[in-house]
Amino acid sequence: MSTRTRFVLLSSIPQLVWLVLVTVAAVGCWTAENGGRWAGSLLLMFATFLLAYFFSVPSSTTFGIPYVPISAMLLVVCAVSAVRIDDWTAGFDTGSFSFEAVLTACAVAATVASRQRAVRDSTTLRLHFPVAGGRWEVAAGEGRLFNHHWEAPLQRAALDLVEVDRRGSSHRGVLAGCDEDYYAFGSPVHSPVDAEVLRCGDGLNDGELNPAKPAGNHVVLGAGSEEILIAHLKKGSVAVTAGQRVQAGQLLGVVGNSGNSTEPHLHIHAQRDGRAVRIVFDDVRGRMWPGRRVIRP
């Protein structure tokens, strides 16, 4: 079994778990015999949506189907099921309701805690968005919980950007067979700031996991006291050399799938004096939470 096949199978597990939980909640609402069971099932659905939306990319939990039609359909199911209940008070199942209420409270607390513990810096680094054209989604971003960047202190404010289509899928077809099936692969990457190229590397193959060289083909920019790493570029695409001065908007390379990368995407993070720095984009409003979508002209 190839590395890519293993990754596809493993990445399907969260989708299946999300699908099972939502299905159980919808069936629970439809078959509820009293208000307690109905409310409990509704809370389970809410908690599942909350965790799925704030701690993973929407497209990774809906098989590329946008959240809006799914939410609308479930809302209709819940509304109709509520009308079908004859007696809301008789036999109110407090046990089921209490369990789901606790689960919902935990989901809300986790969401708030993750955002409160995100990297906070009064002097953030203002950059230009490094890619142009298409819909880009934050596959991993700010927040502490369920953020694989958090284990590396310098990457705690790192962003992983993937290009998606209108459905929210990052690739063509049901399953991607090669790097070229991903929308992000080959997209031009531009310098987000006027800077000096401190270091760069090229020559690593795309589509081969390389934990020993996690950044893969990359460019490190120096802008004042900050260092900015742009990683996972395509083999042979790095268009700058160490010591070169670059201007904001200048081509650095194109998005690839090199290094410790599971699918074509762009990784960017910044550090100052050995500490992670939160990135703010001049041309994009708001924080880069997971699931945030940016449409570029």
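Guide: Before we start, strands (E, at least two residues) and helices (H or I, at least four) are DSSP runs, numbered from the N terminus. This is a predicted model, where local features need pLDDT of at least 70, side-chain atom pairs count only at pLDDT 80 or more, and totals for chains, interfaces and linings use all residues. Residues are numbered from 1 along each chain as its sequence is written, and side-chain values use heavy atoms, leaving out hydrogens and water.

Visitor: Okay, where is Phe146?

Guide: Phe146 sits in the loop between strand E2 (134–140) and strand E3 (159–164). Its phi is near 55°, a positive value in a residue other than glycine.

Visitor: Is Phe146 buried or exposed?

Guide: Buried means under 20% relative accessible area, exposed over 50%, and partly exposed in between (1.4 Å probe, protein chains only). Phe146 has 66%, so call it exposed.

Visitor: And which loop holds Asp273?

Guide: That's the loop between E10 and E11. Asp273 isn't a glycine either, yet has a positive phi of about 55°. With a relative accessible area of 70%, Asp273 is exposed.

Visitor: What about His265, buried or exposed?

Guide: His265 counts as buried because its relative accessibility is 8%. Look for His265 in the loop between strand E9 (251–254) and strand E10 (266–272).

Visitor: Which residues does His265 touch?

Guide: Contact means heavy atoms within 4.5 Å. Skipping residues up to four places away in sequence, His265 touches Asp160, Leu161, Val162, Ala231, His232, Val255 and Gly256. Also, a polar atom of the His265 side chain lies 2.8 Å from the backbone oxygen of Glu263.

Technical notes: A polar contact is a pair of N or O atoms within 3.5 Å; within protein, one must be able to donate a hydrogen and the other to accept it, and residues adjacent in sequence count only if both atoms are side-chain atoms.
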